[in-house]
Amino acid sequence: ALGMPPLVILIELIRKGHLFIETPDKFLIKKHKSGMKSVGIYYILSGFGHMLITYIDRYMINVFLGLGLTGIYSVTNYVGTLVQIPRRAMGKIATPLLANLWVNNDLKQLQALYDRSIISQLILGVFIFIGIWVNIDAVFKIIPNNYEVGIWVIFFIGLSNVFHCFLGLGGLMITTSRFYRVSTYLTFILGILVILTNFFFIPRWGIGGAAFASALSKLIFVVFNMSFLFLKLGIYPLRKEHLTIPLAGMISYFAVWWISPDWNWILLLIIKSIAVTLIYMISLKVFRIIPNFKYFISTF
């Protein structure tokens, strides 16, 4: 699975005649060597920081609570991470575009892209989060019932990824700017926050406390990033419509959560999902977040 994408890219490069095997230009290497080293080192450190953040909570749960609850946390954590699918998808294609805008110092386009990225990520992220939480009973029909102790793991991990959606492409904007080192520093600050908050909340609230610690740490991380974007890069981080999207999600959730007749759980899952989708879309239309759904889908 991991080998197929680069193989497809290699074949496409060969097919289009864009694959060149040449001796590197020594002059260019000498000219940009220090910059390449700096960027490479900080990117590696940033990647290490992200790995630390991803796995440190599991290690600490194992130390405090044992291997059994670590397994339950890991499985339910994956359900909550579904919320970040739109953010990851957008991040993979946005990096070269952002880098080009920084080269041209096009702050107007950067601001417009940042605003659109928050709206797109929030709309889809909140929708996935609400869809999971309104069908939480069905989730535990899919995974074993004895995993229900991890119900708040799903909630807080999902919520932490909703918080991250408020940042949009802001993290990548910092990474592709001349302040790329700050991105690494902020990542390690997040790692330290995760460790400290886990030490406090795991003994008190168990695996739910670990998930809450992640959500709290992510919220602080997002605030730090937004502050840097505003104070140093001149990018305005939040607008009124950004806050309206979670409100539309809350409306759609509370309009449907009470529906719990003693029906087949699959049928109930379908009914709730359709109802939440319709109410959410209507709410977004009423709040004028998306005046044209076809345009939103085509420009996402």
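Helices (H or I, at least four residues) and strands (E, at least two) are DSSP runs, numbered from the N terminus. In this predicted model, the elements run α-α-α-α-α-α-α-α-α-α-α-α from the N terminus on, and the secondary structure comes to 12 helices and 0 strands. Because the model is predicted, local features need pLDDT of at least 70 and side-chain atom pairs count only at pLDDT 80 or more, while totals for chains, interfaces and linings use all residues. Residues are numbered from 1 along each chain as its sequence is written, and side-chain values use heavy atoms, with hydrogens and water left out.

**Overall dimensions and burial**

- The C-alpha trace of the protein spans about 75 × 50 × 45 Å along its principal axes.
- Of the 300 residues in the protein, 45% are buried, where buried means under 20% relative accessible area, exposed over 50%, and partly exposed in between (1.4 Å probe, protein chains only).
- Among contacts (heavy atoms within 4.5 Å) with a separation of 6 or more, 79% are between residues 24 or more positions apart.

**Helix 5 against helix 11**

- Helix 5 (residues 107–134) packs with helix 11 (residues 265–286) at an angle of about 150 degrees, and their axes are 10 Å apart.
- Axes here are lines fitted to C-alpha atoms, for helices over the stretch in contact, and angles run from 0 to 180 degrees between N-to-C directions.
- Helix 5 contributes Leu 122, Ile 123, Val 126, Phe 127, Ile 130 and Val 134 to the contact, and helix 11 contributes Lys 272, Val 276, Thr 277, Tyr 280 and Leu 284.
- These contact residues divide into 9 nonpolar, 1 polar and 1 charged; Ala, Val, Leu, Ile, Met, Phe, Trp, Tyr, Cys and Pro count as nonpolar, Asp, Glu, Lys and Arg as charged, and the others, Gly among them, as polar.

**Helix 10**

- The 15 residues of helix 10 (residues 240–254) should span 21 Å at 1.5 Å a residue, and the end C-alpha atoms are 22 Å apart, which agrees.
- The expected span is 1.5 Å times one less than the number of residues in the helix.
- Buried positions in helix 10 are His 242, Thr 244, Ile 245, Ala 248, Gly 249, Ser 252 and Tyr 253.
- Helix 5 and helix 11 are what the buried residues of helix 10 pack against.

**Asp 57**

- Asp 57 is located in helix 2 (residues 26–65) and is buried, with a relative accessible area of 3%.
- A polar contact of 2.6 Å joins the side chains of Asp 57 and Tyr 73.
- A polar contact is a pair of N or O atoms within 3.5 Å; within protein, one must be able to donate a hydrogen and the other to accept it, and residues adjacent in sequence count only if both atoms are side-chain atoms.
- Not counting residues up to four places away in sequence, Asp 57 touches Tyr 73, Asn 77, Asn 198 and Ser 214.

**Pro 86**

- Pro 86 is in helix 4 (residues 85–103) and counts as buried at 5% relative accessibility.
- Pro 86 and Val 134 are 48 residues apart along the chain, and their C-alpha atoms are separated by 20 Å.

**Positive phi in loops**

- Most residues other than glycine have a negative phi.
- Asn 105, in the loop between helix 4 and helix 5, is not a glycine but has a positive phi of about 55 degrees.
- Arg 288, a residue other than glycine, has a positive phi near 60 degrees.
- Arg 288 lies in the loop between helix 11 and helix 12 (293–299) and counts as exposed at 73% relative accessibility.
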